Amino acid sequence: MTASAADQAAPVLAATLQTQPTVSGEANAAVLVHAGRQSHIVATAGLGGLEVYSQDGQLLGSQPAGEVADIDVAYQVPLGNTAATILAAIDTTSNSLRLFSMEGAKLREVGARPLPLGFAAEGICLFRNPLDRTLYAFAVGDGGEIDQQLVFATADGKLDARQVRRINVPSPLKQCVADVHGQVYASEESVGIWRFNADPEADVSPRLIDSRGLGHITDEVSGIALYDGGAGSRWLIASDASSGHLNLYDRDQDDAYLGRVQVAADSGGEAIGEPGLLYVSNQPTGRMFPHGVLLVTDEDAANTKAVSIAQLANALALDPGKPASSQPLPSSTVAAVMATVETTPANSYGDAADDPAIWANRADPSASLVIATDKKAGMYVYDMHGKVLQFLPDGKVNNVDLREDFDLAGEKVVLVTASNRTDKTIAIYRLDTAAGKLVDVADGPQPTGLGDPYGLCMYRDASGKTFVFINGDDTRKRQWELVAGTNGKVRAQLVRDMTFDSQTEGCVADDVTGKLYVNEEDVALWQLSADASGGNHKVAIQRVEDNPAIKDDLEGMGIYDLGGGRGYIVVSSQGNDTYAVFRREGDHAYLGSFAVVANPALGIDGISETDGLDVSSANLGPGFEHGAMVAQDGRNVMPTENQNYKIVPWQVIAKALNLEMRE
């Protein structure tokens, strides 16, 4: 569309049909609900709750629901032993979220309990995560609140919700709408239209689409809706309420302005003075609506006007594309798994938690431990329930690893090393396995010679010697042998320097095969010799540019040991919040990726922006009999707290990707 066409006088569209006025004489919002060949319009009616209309606009019945400000609908939502059509409503009498199932023209409340929002809510929109089909509700409020709730089924056939995160803008919000691709649009009434990420494990990444005085919003923006006719026919529709116009924007062209229209009750009639909240159904609905329908709330007439999408497209010379029913739904090739334990959050704010290491207690698996870093403050020791057993305020400790059976003063100990950025040293501890505590055994400061040491992993060679690898903020990676002194202390002796072309961090050494795996963050997963005399020769196992399933930065790594040199290498693909799995043996074939999503029953959120991880195939106690992955969570939500670590049973990862488990 040309600029001159976009700026021409707005055509006036006659509504194809309209509902009867509400019984109460008040109307705020409406949705079109499909059920096979039958469709119904469900509209809000002030204190009259919800009213149900036939698809030709005749009132069929009502449902008490308080004073409803806005509603939205989702289909095929798990509920008891079936999948239901669910309506989410904002009740302003209690400032709560209310949930209803709909069968035919009948509504039934299915909320497991009152769901107070704690603010004056104005709008509601629903989003299905394409990764695992989780249902989220976004409520927007008069104080600029954007509250995201995870909606889930309970064991007794009801629906409950947990707050995931809260986002705020400075002034009142009126409505929101989410698309299937993970974007939410919200109308900040006196400012303009915002777009942000719907996935709570992604950056919010807010972007102002249009604004008052600077774009095509004259004074106040009210309702917003999304139409999806496939590539080239995806529009944002927004009510520029004060001007009486509906603005259209091209979502495939960075939300570029396309033009505007007005809506009237009939041909030649007066246009709606201030169009209210909007709703779009992308599904064809009879011969009148072959490409779907736009519902416009007319508060003055206390009813809902229905406009054909085909009519709207024709008025602005746009292509409506294909009906939604003929478009494939977005699907994901990434498996979805859930964590069953999360640790107490780190005490430090911001980007603090970084890297874990697992110690398996073979005598008593339930007493296994997770040692993890707070790179702003020190080291944690957690039990397998995520409870803190010890915190050592030893400085900016970044990465950590451990090896068993280190001979120290005639005793076999678990040796733990970490990179300390405060004094640029190698921190060295033994693990008091009985007490669940770390004891410093460094023979004085062990300098790294690196400007900012952080990536670290350990290695035990065939002769029994123990080594530690550390990289810094330049292109070097260094290897030290860890040597026990007669004084019960340990010193580090430099044995090797390696160089890379750019920044590295995550690494893991395979004690059985003698291989070292290093993530060069933006480039590749490399294989080198872990031997002290191995030199600088490296082989690329996987380059970032060659595999669309992984996205830089590549960060933490761990090995799942199946015995006999077999197993899996798990790599954090930080750029898309997933974990790539490669075969340990042979040519290290890529086997697939998984993401860790929210566990609503346990109230544990998913994992995102993972820096460090560790994997163990040992029995780690109840729920982790076949091992586990422990990973740092860069965004700890549900509710929003400081960063922490999540523990995922290996059996759920194995099931999701058809992998083996160690018995």
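On a 1 Å grid over the protein atoms alone, a cavity is a set of points where a 1.4 Å probe fits but cannot get out, while a pocket is an open set with protein on both sides within 12 Å along at least five of seven lines; lining residues have an atom within 4 Å of a point. Grid points are joined across faces, edges and corners, and a volume is the space filled by probe spheres set on the points. Rolling a probe the size of a water molecule over the atoms shows where empty space is left.

Good morning, colleagues. The structure before you is a predicted model, in which local features need pLDDT of at least 70 and side-chain atom pairs count only at pLDDT 80 or more, whereas totals for chains, interfaces and linings use all residues. Residues are numbered from 1 along each chain as its sequence is written, and side-chain values use heavy atoms, with hydrogens and water left out.

I begin with the chain as a whole. Its secondary structure amounts to three helices and 51 strands, where helices (H or I, at least four residues) and strands (E, at least two) are DSSP runs numbered from the N terminus. The C-alpha trace spans about 95 × 55 × 40 Å along its principal axes. The radius of gyration, taken over C-alpha atoms, is compared with a globule rule of 2.2 Å times the number of residues to the power 0.38. For 663 residues a compact globule would come near 26 Å, and the chain's value of 29 Å agrees with that. Of the 663 residues, 59% count as buried; buried means under 20% relative accessible area, exposed over 50%, and partly exposed in between, with a 1.4 Å probe and protein chains only. Among contacts (heavy atoms within 4.5 Å) with a separation of 6 or more, residues 24 or more positions apart account for 51%.

How many cavities of 30 Å³ or more does a search of the whole structure find? The search finds three. The largest cavity holds about 40 Å³ of space. Its lining consists of Leu17, Leu32, Ile41, Gln55, Thr285, Phe289, Val293, Leu295 and Ala306. For the classes, Ala, Val, Leu, Ile, Met, Phe, Trp, Tyr, Cys and Pro count as nonpolar, Asp, Glu, Lys and Arg as charged, and the others, Gly among them, as polar. On that scheme the lining of the largest cavity has seven nonpolar, two polar and no charged residues.

The second largest pocket has a volume of about 890 Å³. Of the 42 residues lining this pocket, Leu402, Arg403, Asp511, Ile559 and Val615 are the closest to its centre. Two or more lining residues come from each of β29 (353-359), β33 (397-408), β37 (456-460), β41 (504-510), β45 (554-563) and β49 (613-616). Which element gives the largest share of this lining? That is β33, with seven residues. By class, the lining of the second largest pocket divides into 18 nonpolar, seven polar and 17 charged residues.

Let me now consider individual residues. Serine 616 is found in strand β49 and is buried, at a relative accessible area of 11%. Its side chain reaches the backbone nitrogen of alanine 618 at 3.1 Å. That is a polar contact, namely a pair of N or O atoms within 3.5 Å; within protein, one must be able to donate a hydrogen and the other to accept it, and residues adjacent in sequence count only if both atoms are side-chain atoms. Beyond four places in sequence, serine 616 touches Ile358, Tyr560, His626, Gly627 and Ala628.

Valine 416 lies in strand β34 (residues 411-420). Is valine 416 buried or exposed? It counts as buried because its relative accessibility is 0%.

Arginine 234 belongs to strand β21 (residues 234-240) and is buried, with a relative accessible area of 18%. Its side chain makes polar contacts with the side chains of aspartate 228, at 3.1 Å, and aspartate 252, at 3.2 Å.

Finally, asparagine 197 is placed in strand β18 (residues 192-197) and is buried, with a relative accessible area of 17%. The side chain of asparagine 197 reaches the backbone oxygen of aspartate 203 at 2.6 Å. Asparagine 197 and alanine 178 are 19 residues apart along the chain, and their C-alpha atoms are separated by 9.3 Å.
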